[in-house]
Amino acid sequence: MANEHGQKWDRCLADSTVKIATGLGVGIVFSVLFFKRRTWPVAFGSGVGLGMGYSNCQQDFRSPYQLHGHRVKVNE
């Protein structure tokens with residue numbers, strides 16, 4: 001059980017980090033290209049990434065019976 005919980009936390013942190021970094025990158029691009037180097041697109045992109053990561057973490061921790069398969073062995 002503890003190992004499962006640790007794996008969920010690892011997935012949660014990795015997923016959130018990727019989403020925040022992607023939102024930050026998209027915010028920087030939009031800030032430079034379209035909004036005359038304002039800071040709000042960067043904050044908005046990071047916030048959207050954080051919200052998506054948080055939502056995915058909630059979903060992962062609330063569904064205890066969902067299996068995350070890595071390999072499927074077929075017995076022949």
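**Entry 1**

I began with Lys19, which is partly exposed at a relative accessible area of 22%. For accessibility I take buried as under 20% relative accessible area, exposed as over 50% and partly exposed as in between, with a 1.4 Å probe and protein chains only. This is a predicted model, in which local features need pLDDT of at least 70 and side-chain atom pairs count only at pLDDT 80 or more, while totals for chains, interfaces and linings use all residues. Residues are numbered from 1 along each chain as its sequence is written, and side-chain values use heavy atoms, with hydrogens and water left out.

I then looked up what the side chain of Lys19 meets: it forms a salt bridge with Asp15, at 3.2 Å from N to O. The criterion is a side-chain nitrogen of Lys or Arg within 4 Å of a carboxyl oxygen of Asp or Glu. Asp15 is also partly exposed, with a relative accessible area of 24%. Both residues lie in helix H1, and about one helical turn separates them because they are four residues apart.

**Entry 2**

How many salt bridges does the rule give? I recorded two. One of them joins the side chains of Asp60 and Arg11, at 3.4 Å from N to O. Asp60 belongs to helix H2 and Arg11 to helix H1, so this pair ties together parts that are 49 residues apart in sequence.

**Entry 1. Fold of the chain**

I next listed the secondary structure and found two helices and zero strands in the protein chain. Helices (H or I, at least four residues) and strands (E, at least two) are DSSP runs, numbered from the N terminus. For H2, 23 residues at 1.5 Å a residue should span 33 Å, and the end C-alpha atoms are 32 Å apart, which agrees. The expected span is 1.5 Å times one less than the number of residues in the helix.

Of the 76 residues in the protein chain, 18% are buried. In H2 the buried residues are Pro41, Gly45, Ser46, Gly49, Gly53, Cys57 and Asp60. Among contacts with a separation of 6 or more, 61% come from residues 24 or more positions apart; a contact here means heavy atoms within 4.5 Å. The protein chain exposes about 6,500 Å², of which carbon and sulfur atoms supply 63%.

**Entry 2. The disulfide**

Which residues does the disulfide join? I found Cys12 linked to Cys57, with an S to S distance of 1.7 Å. The rule asks for a pair of cysteine sulfur atoms within 2.5 Å, and the count comes to one. The link connects distant parts of the chain, since Cys12 sits in H1 (residues 2-33) and Cys57 in H2 (residues 40-62), 45 residues apart. The link of Cys12 and Cys57 is right-handed, with 105° about the S-S bond. Both Cys12 and Cys57 are buried.

I looked at one residue of each helix. Ser16 is in H1 and is buried, with a relative accessible area of 13%. Residues up to four places away in sequence not counted, Ser16 touches Gly53, Tyr54 and Cys57.

Gly49 is in H2 and counts as buried at 3% relative accessibility. Apart from neighbours within four places in sequence, Gly49 contacts Lys19 and Ile20. I also noted that Gly49 and Ala21, 28 residues apart in sequence, lie 7.4 Å apart from C-alpha to C-alpha.

**Entry 3. The loop**

Lys36 and Arg37 are found in the loop between H1 and H2. Lys36 is not a glycine, yet its phi is positive, at about 50°. Arg37, likewise a residue other than glycine, has a positive phi near 60°. Is Lys36 buried or exposed? I recorded Lys36 as exposed at 74% relative accessibility, and Arg37 as exposed with 66%.

**Entry 4. Record check**

Finally I consulted UniProt, whose unreviewed entry places the feature "transmembrane region" at residues 16-35. Over residues 16-35 the model is 90% helix and 0% strand, with the end C-alpha atoms 26 Å apart.

Conventions: UniProt positions are given in the numbering used here, feature names are shortened, and annotations may be inferred rather than shown by experiment. Accessible areas come from the Shrake-Rupley method with a 1.4 Å probe; for residues, only the protein chains shown count as cover.
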